[in-house]
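Good morning, and thank you for coming.

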Amino acid sequence: MTTPTAPTARTAHAASSGTPRLTELTAAIRTELRPTRTEDSDGPVAARVAAVLASFLRHPDLLTPAQLEPDPHAYRQHLLHVEPDGSFSVVALVWLPGQATRIHDHTAWCVVGTYLGAEEETAFRLAEQDGRAVLEPVATTVFPTGAVAHLTPPGDIHLVRNATSGKVVSLHVYGADVSVRGSSIRRVYDLPIHPGAGDAGRA
């Protein structure tokens, strides 16, 4: 069964001012999105934003100490920036060991970059077994510090977690105003997981 969902993370709103480096990042994303034409598909747009984000992940002054704070009960979402026209949002997710999302997909394109530690993602696809809907794992990928990935719906079902023994921080850029819904999550998938032939293993 798939269900609409409220945010699964603990959310902290950004302080009134971020770091100068964060301001540079949001300005660079804005510049990259400005030439977007109506005929551009989400994939190329997300790829361009991914290239921008990758160039900022090695800067230790990108986030404030408060924006690196975790929550002991669930992964924490720090809302860093929402573009005034709603065209994109920037979020920092902070994970303690063992913290994870539920299996979900998104309302818009998403770019993810690991800022600290290593984030683990398992991608799934919908399938059918004995007349019922199931999820099949497609691949599990570990993204170390500095790694960037992007995804576009549909077909973006995944689970993200901290599989390390330390804190993990990742930066997410969404092609939507996440302050409207509280997150970019479209649906949570509460379905049986069937290994299936589609499990491509770890990457």
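I shall go through the overall composition, a pair of helices, and then several individual residues.

First, the basis of the work. This is a predicted model, in which local features need pLDDT of at least 70 and side-chain atom pairs count only at pLDDT 80 or more, while totals for chains, interfaces and linings use all residues. Residues are numbered from 1 along each chain as its sequence is written, and side-chain values use heavy atoms, with hydrogens and water left out.

The protein has three helices and 12 strands. These elements are DSSP runs numbered from the N terminus, with helices being H or I of at least four residues and strands being E of at least two. Of its 203 residues, 44% count as buried. Buried means under 20% relative accessible area, exposed means over 50%, and partly exposed lies in between, with a 1.4 Å probe and protein chains only. Among contacts with a separation of 6 or more, 81% join residues 24 or more positions apart; a contact means heavy atoms within 4.5 Å.

Let me turn to the helix pair. Helix α1 covers residues 20-33 and helix α2 covers residues 42-54; their axes come within 10 Å and cross at roughly 150 degrees. The angle makes α1 roughly antiparallel to α2, a term for angles over 145 degrees; those under 35 count as roughly parallel, 65 to 115 as roughly perpendicular, and the rest as oblique. Axes here are lines fitted to C-alpha atoms, for helices over the stretch in contact, and angles run from 0 to 180 degrees between N-to-C directions.

Which residues in α1 meet α2? On the α1 side they are L25, A28, I29, E32 and L33, and on the α2 side V45, R48, V49, V52 and L53. The residues of this contact divide into eight nonpolar, no polar and two charged.

Next, Q67, which is placed in the loop between α2 and β3 (76-82). Is Q67 buried or exposed? Q67 is buried, with a relative accessible area of 6%. Its side chain reaches the backbone nitrogen of T64 at 3.0 Å. Beyond its neighbours within four places in sequence, Q67 is in contact with G18, L22, H78, L80, A92 and V94.

G18 is partly exposed, with a relative accessible area of 35%. The C-alpha atoms of G18 and T64 are separated by 7.2 Å, although these residues are 46 residues apart along the chain.

In strand β3 we find H81, which is buried at a relative accessible area of 16%. The side chain of H81 makes a polar contact with the side chain of E83, at 2.8 Å. Leaving aside neighbours within four places in sequence, H81 is in contact with T26, R30, F88, S89 and V90.

Finally, two points of backbone geometry. D130 is not a glycine, yet has a positive phi of about 55 degrees. Where does D130 lie? D130 lies in the loop between β7 (118-129) and β8 (132-144), and is exposed, with a relative accessible area of 77%. P154 lies in the loop between β9 (148-151) and β10 (158-161).

Thank you for your attention.

Technical notes: Nonpolar A, V, L, I, M, F, W, Y, C, P; charged D, E, K, R; others polar. Polar contact = N/O pair within 3.5 Å; in protein donor to acceptor, adjacent residues only side chain to side chain.
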